[in-house]
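Here is a brief report on one protein chain.

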Amino acid sequence: MNIGENIRQIRLKKGLSQENVAEMLHISTTAYGDIERNTSEVTVGRLLKIARILDVNHNEFIGEIAENDNNKVEDELLKAELLLAQIESERWKERFMRSVFQINKPDSPNRQKIGFK
């Protein structure tokens, strides 16, 4: 089994159509079908989005592949890349939330002084 087939199996278990998932990804149904047929390369970012849409851990897409495929090094690299992308996504969310909710008090030493002399 390959990643596209794994995605398809999970999608079908969730009762979603290709059209449903494609719409949530903001791509055409044909483009999504290409992902499931493995005629198009899927980016790590898109793979993470598909995992969120299907409400599964991204490792479910590649779990069976690692057990059945001889390309274990490639599988491990893909797992590492997915993990790094997920970590970076979490860091970005944290930075964003801090910037949105950071309160600058008037007497804060980090606050730039603006005014006339």
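## Fold and basis

The protein chain has 6 helices and 0 strands (DSSP runs, H or I of at least four residues for helices, E of at least two for strands, numbered from the N terminus). Its pattern along the sequence is α-α-α-α-α-α.

This is a predicted model, where local features need pLDDT of at least 70, side-chain atom pairs count only at pLDDT 80 or more, and totals for chains, interfaces and linings use all residues. Residues are numbered from 1 along each chain as its sequence is written, and side-chain values use heavy atoms, with hydrogens and water left out.

Of 117 residues, 25% count as buried (under 20% relative accessible area; exposed is over 50%, partly exposed in between; 1.4 Å probe, protein chains only).

## Salt bridges

The count is 2 salt bridges (side-chain nitrogen of Lys or Arg within 4 Å of a carboxyl oxygen of Asp or Glu). Arg11 and Glu36 pair at 2.6 Å, N to O. Arg11 lies in α1 and Glu36 in α3, so the bridge ties together parts 25 residues apart in sequence. Both Arg11 and Glu36 are buried.

Arg37 and Asp34 pair at 2.8 Å, N to O. They sit 3 residues apart in α3, about one helical turn. Arg37 is partly exposed at 48% relative accessibility; Asp34 is partly exposed at 23%.
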